[in-house]
Amino acid sequence: MSETQLPELSRRDFLRLGVTITAGLVVPSVVSSCGGGDDTYTGPKETFVEPLDIQSVNGLLDVTIIISYVTMPFQGTIVTLRNMFGTIPAPTLRMNVGDKLRIKIINKLPPNPPDPEPSKHLRYHNSTNLHTHGLHVYPDIYPQPAVPPYTSPNTTTPPLLYGDFVVDDPEQGIKPGEERQYEYRIRNDHPAGTYWYHPHLHGSSAMQVGSGMAGALIIQGPIDEVPEIAAAAEKIFVFQAPIYDPVTGKLEDFSQVGNITTNEPNFVINGVRVPRIVMKSGEVQKWRFLNAGTFKMLNLSLDAHTLYQYSHDGNPRRNLKPVAPIPLSAYTPPTSPPPGSYPEGIVLAAANRTNVLVKAGAPGTYQLRTFPIEMGRNPNGVTAGDIVAEVVVLDEFHPMNLPTGPLPVTPFLDPITDAELAAHGGLKRTIVMRVIASAKPVVPPGLPFTNSAATPLVQPPPGELPDWIYQTGDTQIAGKVYALGSAGTAASTSPGMPTTYIPFQSSKALTQLVALDSVEEWTIINMNNIRHPFHIHVNPMYVVAVNGKKLDEPYWADTVPLPFNTELPPEPPPPSPPPPPPPTPTSITFRMRFLHFTGRYVMHCHMLVHEDMGMMQGVTVV
């Protein structure tokens, strides 16, 4: 892919890059200009690139995507990365509420090579699957028809048809040489907004999303028909930070993503570093922001311009929320600012999306920046600021309006009241996210694992310790257990904490069993000094409290960065005295309707290395 522009794709190019369209309309990616088609225009040229856009036709979008290695120039380096389409990012998939989406994945990556990695679930870099992040769709494998005919006259077993199914054993998934058919039926009351799709095989997600395997997924509905929104030109910002060795241009070792924290590479937008957007004074555009990185947060602000937020994580708002520009004096904060003093604009943790309207102001050049943001309470916990795009406003007046009245919101997003919660069971659960440091010292390569250094909070079954703790290489994640624990009732202090924490890959991994049509309230507790972004599949969360304090304006989301905590001290070995009581854990509390779908899915940290190392737990709705 070019540093500045994707070429217009011919049908031959399109097929070569690995997508077949059975039903849908292809809109090639373009670089636009405000020159209005005037060849005499000599002003600033727009370098913002839209991803290829594939749109549904007559209620159906049916695509086949081939996953393979692709070699391309990227940021001055020739890279060879796992890829979903031959471009970074993958194409945008666009449909309407009520449509059907079918995606067939064909895995043409080479076989998984022999891997001595002790953690067995990390050995399958080239196996994959697919997650449609944020969609309220069936999460399991569809029941098969009871009678033939099937797709082939010689087939006696019906082919499997997958919903948003991501609970493959790592030895399964879509192996190299295999294919899988996914189907998603978008309900008529589904929220219209910005979603995305990416691989989600446990143990491989960080390496594959870190390779750039992700694309935007747009559901259009009543919010898009509001006249002022419909009249605004649209731009999709897929923020990615592809990870690769600067010498080889490859990503082949889990330790490469294991060392990605706040030093994740600089973000690109649709594969381009700091693209230019050209607008006319008074013009209104709608921008869809997607943080498709693996770790870092974004803190977005446009110089001298208010961003009007009208949707978050695909969920439309009833009214515009103006987010004022952050003063430029905050771009380089003091070396040691007081905790919580970093100003916030549009904050997007890994996997968050938001839609904004921007009305161009006075002619001039402005920067879209991500300002410094505190992701953790430690010396390396602040993500540095960066300029991510340039906006040039021309001296040509083009007056447009912002919406003034209430915006349409589907009844699916009606607030969950105390009365509704009580009438549908009112069950409360507590989920605890915890990285347990110093659970075991790092072992030099080649030495056997033992349980001798296990702590009271980490007790793997016999033989499982290699799958609990990463030991390969001198990485930031080595010697730690990444896990979720569960307590039966909402608890805010340590006596209510779980006594053991179990990673997802364990034979003793926990699953939350939930009744269909129930309404529950969950509190997610953070025991660490980092803002773990909590994500749950299938149903959106109605966030009602932070740190036990009720919000004046509850909101809907599918991914929420948790407030960070002070890191707990390491567990002392016996017979040392017990440690002092830990500080009060931080938390979010949300309510959720478990509607329409039974099946198996997951909740997890969306810092994808944390997920791959076990910070995930199952949910089964029956």
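Reply: Tyr182 is buried, with a relative accessible area of 0%; buried means under 20% relative accessible area, exposed over 50%, and partly exposed in between, with a 1.4 Å probe and protein chains only. The model is predicted, so local features need pLDDT of at least 70 and side-chain atom pairs count only at pLDDT 80 or more, whereas totals for chains, interfaces and linings use all residues. Residues are numbered from 1 along each chain as its sequence is written, and side-chain values use heavy atoms, with hydrogens and water left out.

Across the whole structure, a search finds 17 aromatic pairs. One of them joins Tyr162 and Tyr182, a tilted pair with 5.9 Å from centre to centre and 50° between the planes. Rings of Phe, Tyr and Trp (its six-membered ring) pair if their centres lie within 6.5 Å; planes under 30 degrees apart count as stacked, over 60 as edge-to-face, and the rest as tilted. Tyr162 lies in the loop between strand S8 (131-133) and strand S9 (179-185), and Tyr182 in strand S9, so their pairing ties together parts that are 20 residues apart in sequence. Helices (H or I, at least four residues) and strands (E, at least two) are DSSP runs, numbered from the N terminus. Tyr162 counts as buried at 10% relative accessibility.

The planes of Phe237 and Phe289 stand at 80° with the ring centres 5.0 Å apart, so this pair is edge-to-face. Because Phe237 lies in strand S12 (residues 233-240) and Phe289 in strand S15 (residues 284-291), the pair ties together parts that are 52 residues apart in sequence. Both Phe237 and Phe289 are buried. The two belong to a cluster in which ring pairs link Phe48, Phe237, Phe239, Phe267, Trp287 and Phe289.

Charged side chains also meet these rings. The charged end of Lys235 sits over the ring of Phe48, 5.8 Å from its centre, and Arg180 lies over the face of Tyr162, at 4.0 Å from the ring centre. A charge sits over a ring if NZ of Lys or CZ of Arg is within 6 Å of the ring centre and within 35 degrees of the ring normal.

Two strands pair if DSSP finds at least two bridges between them. Asn96 stands opposite Gln220 in S11.

An open sheet of 5 strands has the order S27-S35-S34-S29-S32, again with mixed pairing. Strand S27 (511-514) and strand S32 (559-561) stand at the edges with a single partner strand each, so one side of each is left without a neighbour in the sheet. Neighbouring strands here are turned by 20° against each other on average, direction ignored. S29 and strand S34 (residues 599-605) run antiparallel, joined by 3 bridges, and Ile536 stands opposite Met603 in S34.

Asn539 is placed in the loop between strand S29 (533-536) and strand S30 (541-546). Asn539 is buried, at a relative accessible area of 3%. Not counting residues up to four places away in sequence, Asn539 touches His136, Met592, Arg593, Phe594, Leu595 and Tyr601, where contact means heavy atoms within 4.5 Å. The Asn539 side chain makes polar contacts with the side chains of His136 (3.3 Å) and Tyr601 (3.0 Å). A polar contact is a pair of N or O atoms within 3.5 Å; within protein, one must be able to donate a hydrogen and the other to accept it, and residues adjacent in sequence count only if both atoms are side-chain atoms.

Two further residues complete the account. Thr77, in strand S5 (residues 77-83), is buried at 18% relative accessible area. Glu344, in the loop between strand S18 (315-323) and strand S19 (346-348), counts as partly exposed at 46% relative accessibility.

Key:
Axes are lines fitted to C-alpha atoms, for helices over the stretch in contact, and angles run from 0 to 180 degrees between N-to-C directions.
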